[in-house]
Amino acid sequence: MGYSYSNIQNLNKVKNYKNNMVMKAFGRFFKGIINSFFRNKSDIKLGFYGPPNAGKTSLANRICKDFTDEEIGSISKIPHETRNVQFKEKVEIEYKGKKITFKLVDTPGIATRIDYEDFLKYKMKKKTAKKRAKEATQGVVESIKWLDDMDLVVVVLDSTKNPYNQVNVTIIGNLVARKIPVLIVANKIDLKKSDIKKVASAFPEYETVGISAKYGKNLEDFYEAVFKKAKKVK
Ligand SMILES: Nc1nc2c(ncn2[C@@H]2O[C@H](COP(=O)(O)OP(=O)(O)OP(=O)(O)O)[C@@H](O)[C@H]2O)c(=O)[nH]1
Ligand SMILES: [Mg+2]
């Protein structure tokens, strides 16, 4: 029994469909290889986390200034200056002749209590203070939301302040639970009250590097520690 014309047409349709599926599968396969190749080669997502005012943006800016011509965001003595997660893509950091490309992720400071009245002492109008408090609260949620996406996190702490507090313990506890590598930065070592040892002994399981983001002190040690961790991520 021979095939009718419409049968042959149907067979061809099936053949074409199968060919398309095979092509698509091949496409996906190669795309996967290419993606994983580039993923491995670049863009380690480096998050800056910590309480407000610790110097996260100052540190991220310093890195940007060292290796690009731009900054990541504004800084202020008033807490909760960063209220949205901000990014700087393709920052190629060079350390001792080696280069690694990072995506820097600067996050809003994490706090358990945000009260608009705290901003009034900076001569802020009540309406502006209330808006800042609302945005800061949303910022905390956003920071935590992005945590899962990070390959490596630098926890920036103000080394003039007591490191034993709920916020710091919660941030570090969350990172440990998610198995994200952590580096602790004890910032503001230029200030008299700075106590790196106190920060280091509060979190003895993690490497602590003392720096001054504002004056660019001890950045070499910081880059060395970041590279050591980044190599493990790769
Ligand atoms: N003395 C000194 N001041 C610093 C240093 N790093 C940052 N600061 C100051 O600390 C304040 C806060 O700095 P930011 O970089 O805005 O801090 P942040 O952690 O990004 O703060 P939020 O965005 O509010 O979470 C600013 O007044 C900075 O100039 C430092 O190494 N030494
Ligand atoms: Mg900031």
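Residues are numbered from 1 along each chain as its sequence is written, while chains are lettered from A and ligands numbered from 1 in the order in which they are written. Because the model is predicted, local features need pLDDT of at least 70 and side-chain atom pairs count only at pLDDT 80 or more, whereas totals for chains, interfaces and linings use all residues.

**Fold.** The protein chain contains 7 helices and 6 strands, taken as DSSP runs (H or I of at least four residues for helices, E of at least two for strands) and numbered from the N terminus. Their order along the sequence is α-β-α-β-β-α-α-β-α-β-α-β-α. Of its 234 residues, 31% count as buried, that is, with 20 or more other C-beta atoms within 10 Å of their own; residues with 12 or fewer are exposed and those in between partly exposed, with C-beta atoms placed from the backbone.

**Nonpolar core.** A nonpolar core is a set of buried Ala, Val, Leu, Ile, Met, Phe, Trp, Tyr and Cys residues joined through C-beta atoms within 7 Å. The largest has 40 residues, and those touching the most other members are Leu-104, Val-154, Val-155, Val-156, Leu-157, Ile-184 and Val-185. Elements giving two or more residues to this core include β1 (44-49), β3 (98-106), β4 (152-158) and β5 (182-187). Beyond its neighbours within four places in sequence, Leu-104 is in contact (C-beta atoms, placed from the backbone, within 7 Å) with residues including Leu-46, Ala-60, Ile-63 and Phe-87.

Ligand 1 is surrounded by 25 residues, each with its C-beta atom, placed from the backbone, within 6 Å of the ligand. Gly-55, Ser-58, Ile-75, Thr-82 and Gly-109 are the closest. Helix α2 (residues 56-67) gives the most to this shell, with 3 residues. In α2, the buried residues include Lys-56, Thr-57 and Ser-58, and the buried residues of this helix pack against β1, β2, β3, β4, β5 and α7.

Note on methods: Two residues are in contact if their C-beta atoms, placed from the backbone, lie within 7 Å.
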